[in-house]
Amino acid sequence: MQKEMAYSFPDEVLKHVFSFIQSDKDRNAVSLVCKSWYEIERWCRRKVFIGNCYAVSPRMVIRRFPEVRSIELKGKPHFADFNLVPDGWGGYVLQWIAEMAGAYPWLGEIRLKRMVVTDESLELIAKSFKNFKVLVLFSCEGFSTDGLAAIAASCKNLRELDLRESEVDDLSGHWLAQFPETCTSLVSLNISCLGSDEVSFSALERLVDRCPNLRSLQLNRAVTLDKIANILRRAPQLVDFGTGNYAAELQPDVFSNLAGAFSSCKELKSLSGFWDVVPAYLPALYSICPRLTSLNLSYATIQSPDLIKLVSHCPRLQRLLVLDYVEDSGLEELASSCKDLQELRVFPSDPFGVEPNVSLTEQGLVAVSLGCPKLQSVLYFCRRMSNAALVTIAQNCPNLTRFRLCIIEPKTPDYLTLDPLDAGFGAIVEHCKDLRRLSLSGLLTDHVFEYIGTYGKKLEMLSVAFAGDSDLGLHHVLSGCESLRKLEIRDCPFGDKALLANAAKLETMRSLWMSSCAVSFGACKLLGQKMPKLNVEVIDETEPPDSRPESYPVDKLYIYKSVAGPRFDMPPFVWSMDEAVKILH
Amino acid sequence: MGRPTSSSSSIDSPNHFAFSSTASSQRDLTTDLRLGLSISIAPPFVREQWPPMKAAVAEEEHECNSSTFYVKVYMEGIPIGRKLDLLAHESYYDLIRTLEHMFHTNIIWAEAEMDRDHYEKYHVLTYEDKEGDWMMVGDVPWEMFLSAVRRLKISKC
């Protein structure tokens, strides 16, 4: 009697219950309960996230989830951001769009990261999806303003167009004018990556005028300071705003117009842009500073005193991105003014200089760790560090979830003791029990990896460069980090032993990147042979890996789990170690 | 932050240096050096894509202050090194003169002649190149040396 009741819910009831379950992890768990739940769940899954576009094929996704409305895809490995992945490597979205065009007529949202998107793909999107609402192209490339024009013209209910950090071929600024007069639905528009002639300002003004729900607008560098006031007065409801150029000769009427426009934006919480800042115009922001929670000054080449003044007006700041012009003194001010700070990113103003050009050291970060108890996420470029400072930071901020430290000169030791920084990073992983992401730098031996393997149980992503002494280092990480999903390594003396000994681990991860290490071609072939669930790809731009002895190390290696088998769009400098592919050759 | 422009992929090319050593004497050397070295001024790590930043931020903020190029110079037996601005010198001869003055010794390099009876008074000048190898100073043209050198070492004979 009891047993029957458990299975007597009609499908519609279960469907309704499942509709409250949004997270992918939970949805995946639901689908594993029993066959009927698997079936019901797959028909009502509306959102799919694919962290590696080569892990699965479009056909497989469509077959399992026939009613998807929103898809997110990621292409190139993270190190592509630093030019380590050669052009032409892959990550093409066209085939996905083509297959989804037929299968998902109601697809409304496409979010892509590090993928190659062509105008053809954009035109296909514009043509195929009548209810298209959201297009996010994060760090994408391969398209031009022609493709954008197609999107603007056809997507009658477009809500979000976000091109952040993408590379766009500028052919004409008139694409914005392609948004029909009837389009009033925009909520978010990010064109900050566009070059100088890619935006018709009058078309932009008219667009902003007729979109009353516009909450987020990021202009590009070409938009001059004097135009900001016009835009803001047309959109006082903005929550998130990115300026263009923030430079002009100081003129009292321009200043007061700007200050007035900013103060009319009662909802404004987040600012970015600020190319070429003229400090005299920063006080125009003071009226909204008390409400600001996020400030991105990573393009603002202003010096510490001006930064200090600005930051001291923003007590509610939760997120700050800034150049190292902020210096230790600026970070000390931040620590005393911004008690709600959760995320700090400090970028180097002169990354290639041999001498430090600013007074930014580990002291700044220590000060913030002491003053900002809610600090969770750190990205910090500096030129010196000590174990003592890292231990202090770890003890002050046990709630860190992301810690990325880049000491600019590789293999820099503790500047006080000249020891490796093993103990310092060890303290970070030991004290920060929820650490999900870690990037290492400085002089590091195998010991740091021992700490990471021992304590980094929640670590999902690890980035390593110029570190370690032997395979033991890699072995500690692969055998100890239970939650590891992404591992990226460059210029480390890690070879075959650890990789082969932990081959099974690789099937539990999303991907592994190793470049300029000591993994031999023979080991790559062996992995490709023994691990059918992995795609093992060797990248070498100079010559085919089999033109050299098997013991010779490969230049770059990218291993990822896949149910789609080896990919067929590899360029000539990428070799698959999959046996099946090799037989075909 | 934006994405890198395609010019960054050409850094690796060994033919990056557009000038020949004979023609350069007629041109403005500092301009050539700045052009040729504006990226390689941070050898070797720019070539190796370091530090890990999205290039557009790096390129925009690197306000080519490449009128100086300091390298470390160590003398064997002395733990504390010195720093030397190579761009303040016009040629190997200039550099050798500065080093001899700085370290109070006679420097052997590719074009030096040594009095073999008094070898203890001489030191050999070598440099570490982008590949980490130690080479004798003076074999390659001055501009090529500037692009390859990471640091200098003065060793006993």
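**Reading salt bridges, strands and burial**

Student: Which residue forms a salt bridge with A:Glu41, and how far apart are the closest N and O atoms?

Tutor: A:Arg27 is the partner of A:Glu41, and the closest N and O atoms are 3.0 Å apart. The rule is simple: a side-chain nitrogen of Lys or Arg within 4 Å of a carboxyl oxygen of Asp or Glu. Over all chains, this rule gives 32 salt bridges.

Student: What kind of model is this, and how are its parts labelled?

Tutor: This is a predicted model, where local features need pLDDT of at least 70, side-chain atom pairs count only at pLDDT 80 or more, and totals for chains, interfaces and linings use all residues. Residues are numbered from 1 along each chain as its sequence is written, chains are lettered from A and ligands numbered from 1 in the order in which they are written, and side-chain values use heavy atoms, with hydrogens and water left out.

Student: Are A:Glu41 and A:Arg27 buried or exposed?

Tutor: Start with the scale: buried means under 20% relative accessible area, exposed over 50%, partly exposed in between (1.4 Å probe, protein chains only). Both A:Glu41 and A:Arg27 are buried.

Student: Which side chain meets A:Arg111 in a salt bridge?

Tutor: That of A:Glu109, at 2.7 Å from N to O. A:Arg111 has a relative accessible area of 22%, so it is partly exposed. A:Glu109 has 18%, so it is buried.

Student: And in chain B, which side chain meets B:Arg151 in a salt bridge?

Tutor: The side chain of B:Glu128 does, at 2.8 Å from N to O. B:Arg151 lies in strand 6 (residues 151-156) of chain B and B:Glu128 in strand 4 of chain B, so the pair ties together parts 23 residues apart in sequence. B:Arg151 is partly exposed, because its relative accessibility is 32%. B:Glu128 is buried, with a relative accessible area of 8%.

Student: Which residues do salt bridges that share partners join into one network?

Tutor: A:Asp81, A:Arg114, A:Glu165 and B:Lys54 are the members.

Student: How many helices and strands are in chain A?

Tutor: Helices (H or I, at least four residues) and strands (E, at least two) are DSSP runs, numbered from the N terminus. Chain A has 22 helices and 23 strands. Chain B has five helices and six strands. The elements of chain B, from the N terminus on, run α-α-α-β-β-α-β-β-β-α-β.

Student: How many bridges join strand 12 to strand 13 of chain A?

Tutor: Two strands pair if DSSP finds at least two bridges between them. Strand 12 (residues 294-297) of chain A has four bridges to strand 13 of chain A, and the two run parallel. A:Asn296 stands opposite A:Leu321 in strand 13 of chain A. From strand 12 of chain A, the chain passes through helix 12 (residues 304-311) of chain A to strand 13 of chain A, a right-handed β-α-β crossover. Right-handed has a plain test: with the strands pointing away from the viewer, the path from the first strand over the helix to the second runs clockwise.

Student: How many bridges join strand 13 to strand 14 of chain A?

Tutor: Five, and strand 14 (residues 343-347) of chain A runs parallel to strand 13 of chain A. A:Leu323 has A:Phe347 in strand 14 of chain A as its bridge partner. With helix 13 (residues 327-337) of chain A, strands 13 and 14 of chain A make a right-handed β-α-β unit.

Student: How many residues of strand 13 of chain A are buried?

Tutor: Four of the five residues in strand 13 (residues 319-323) of chain A are buried, so the strand counts as mostly covered.
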